[in-house]
Amino acid sequence: MTDSYAPDAPAAAPAWLRRYMFFVVCVAVIGMLIMGAEPGVWVLKNSDAKICYYNLLVQGFRAGQLNLKKDAPPGLAQLANPCDPAQNAPYIADVGDMSYYKGKLYLYYGVTPALVLYWPYLALTGHYLQDAWAALIFCSIGYLAGACLLYGVWRRYFPRINMWVGLAGIFIFGLLIAARESEWVGIRIYEVALSGGFAFSMLALAAIWAAFHQPNRRSLWLLLGSLAYGLAITSRPSLLFGAIILLIPVIQVWHSGSAPLPRRLPLWELARLVAAALGPLILIGAGQMIYNAERFGNPLEYGCRYEVTGLAPATDLGQFSLHYFWFNVRYYFWEPAQWSRHLPFLRPAPHWNTSSGHFGTDQYYGGLLTIYAPVWLALAAPLVWRDPSNSLLRWFIATASLLFITNSLTICLFNMANERYELDFLPALMLVAVIGIFAIENLRAARVSKRSSSRERRGNFLLNIARLGWCALAACMVITTFSGGLDAYTTANYFAGNVLVNRGFPDAAIQRFQRALALEPEFAGAYAGLGNAFLAEGRNADAIVEYEKALQINPNLGETRYGLAVCFMREGRFSDALVYFQKAVEIAPDSADARNNYGYCLLQTGRAPEAIVQFQKAVELAPESANLRCGLGNALLKVGRRDESIAQYQKAMEIAPDVAGIHYQLASCLAQSGRLDDAVGQYQKAVELEPDSAKFHWDYARTLRQKGMTNEAGAQFKKAIELDPSLTNNVEALKRM
């Protein structure tokens, strides 16, 4: 800066202190990133990282193929349209969000993370990298690149501003990245691709900054910037149009000076710079097109046309259309934040009707102009135009602004809106906003003077107001980030708890749900999840307590009512269970499990005819379930309809011929009907399948005794007593009969 400073302008802090505090800020932000990724890391610790999509892709590459090292479900090949969610629903859990083409599975996500991170990590360590760690690495790289950029801007163009202002700007930028990451409920392949695009686009901006300020190495920095942005695009193809920023340093060189073009820059030199700026990008793009063509027979096809998802097929408007523009603009920029009186105060914004063909929105907290208020300070960045010595800074501001504009326009044309997509464009805008803070503070520092003319006093007053303004905006961002991050972190723990319950780790899930409740005591879903975890551990009484708390907060939790009914049933409180199972059947009349449990409770309370009705409907809904047919058989046997009961047991046996319990139930029913020969055959099969069951041997022996097969019966009695010595008294009773 060439502004003239008054004698009493604040002195710059020592260089060592600036560097030390810059390091401290960076460490603090990386710490926040680690905390934001922690729930996802915890979940993945209890799963096999080998099955993460990028690791499956790496396994495919190592095996010499472009498709994933995973076999496609054979049933997909039998579908008329494997991409139709109405047809592929049975396979979504196993291959969701993969691309299915000619019997093979591919990824439509950018390939860069697999090549630059997952594969090298596997080669160096022999272990597979977890998605949460990959996203954390990319976010950290992107933040450090942006932080170093801002530090360079601060030291080169605004050296006299207060050190704490410079550090505050760098921290605000980091807070934005940490907030974006913390609001990812679960870190998956989506977030890895996004964070990879963010990291490489920030590295490209850093290279462009160096190209502006190191003319002797301009070509080298342009080569590196082009390489970085090429990798950004192959991480996130939606960043394609942002590649125009690579030409800004070339335009700047061409524009510098006042002589006509031939004297300003030789054409061969201009061509060399253009080649440096575009060469690596073009080579990477060509490689991507070859990769696409080898997979899908079309160099421009990433696999989006062949996605196996649960979403409805795209409309005739396609994935990108002006039709979605204003809806997305409202979502990303203007939607106001939602507040409540309870911790964590900030609440997800309500969903609103989407435009035709738009897939809708995910959970979000409001537009970035309300949630991240400091972005308004980007409007102050033009203050640097006051000083002609800031020409290179102007070019850099224009570059970052252009990156924001191109990438935000692209996302606003997409047929889906999601808060995580903001990572494509928001960091560039925040860079400009922080430069705006520096510009305000620099102008204020330059005005520090003992002169007291009325005009100058007014100017100083306005600058003081400007300082208060940006501080207030920064404070708003801290509050909203803390509140939104706390809510998202609570949700992440809830999400992690559900995953852990489903994967058979109820102990770890309990810790997650309890942590969520410590942060948000009125979280009904967390109480319900805690009840599910206790239920999985067999702690029925504890589960009942948590389920009842959940229903007190939100009486409309149907699954919670069902879980509570299961607890009552396990505790033998069949009358209490009936109330909830009846409601569950009313809410979900097509649930075979609900009807089966309802029927069981009816049977236990002596209402066998009503139980039979429920069992019959359950069997109609799931005719291939052996368990449901056994339930119906039990109910029919209860009312003396033995022949019908036998028929159900026989059908169950055909479905599950290797289940010992079914053979035992059929044998018991046959024995009661006097069909002892048939009963003996079924008992024999039951003890063969489950030879350690004393009960099976005992009842088999009794049937053999009824048939007069004394020796065989004695052998079975002996075996039963070996397994359960308490049966000796029963033998004595039989002898007296």
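**Close-up 1. Helices α9 and α16 run roughly antiparallel to each other.** The axes of α9 (residues 189-213) and α16 (residues 391-412) come within 10 Å and cross at roughly 155°. Such an angle counts as roughly antiparallel because the cut-off is over 145 degrees, whereas under 35 is roughly parallel, 65 to 115 roughly perpendicular and the rest oblique. Axes are lines fitted to C-alpha atoms, for helices over the stretch in contact, and angles run from 0 to 180 degrees between N-to-C directions. Helices (H or I, at least four residues) and strands (E, at least two) are DSSP runs, numbered from the N terminus. The model is predicted: local features need pLDDT of at least 70 and side-chain atom pairs pLDDT 80 or more, while totals for chains, interfaces and linings use all residues. Residues are numbered from 1 along each chain as its sequence is written, and side-chain values use heavy atoms, without hydrogens and water.

**Close-up 2. Residues of α9 meet residues of α16.** Contact means heavy atoms within 4.5 Å. By class, this contact has 10 nonpolar, 2 polar and no charged residues. Ala, Val, Leu, Ile, Met, Phe, Trp, Tyr, Cys and Pro count as nonpolar, Asp, Glu, Lys and Arg as charged, and the others, Gly among them, as polar.

**Close-up 3. Helix α2 (residues 53-62) is mostly covered.** Among the buried residues are Y53, L56, L57, V58 and F61. The buried residues of α2 pack against α5, β1, α6 (112-125), α9 and α13 (267-296). After α2 comes G64, with a positive phi near 80°.

**Close-up 4. An open sheet has 3 strands in the order β2-β1-β3.** The pairing is antiparallel, and strands pair if DSSP finds at least two bridges between them. The edge strands, β2 (104-106) and β3 (307-308), each pair on one side only. Strand β1 (residues 98-101) is joined to β3 over 2 bridges, and S99 stands opposite E307 in β3.

**Close-up 5. D97 and K102 lie in loops, D97 between α5 (92-95) and β1, and K102 between β1 and β2.** Phi is positive in D97, near 65°, and in K102, near 50°. D97 is buried, with a relative accessible area of 14%, whereas K102 is exposed at 70%.

Note on methods
Buried means under 20% relative accessible area, exposed over 50%, partly exposed in between (1.4 Å probe, protein chains only).
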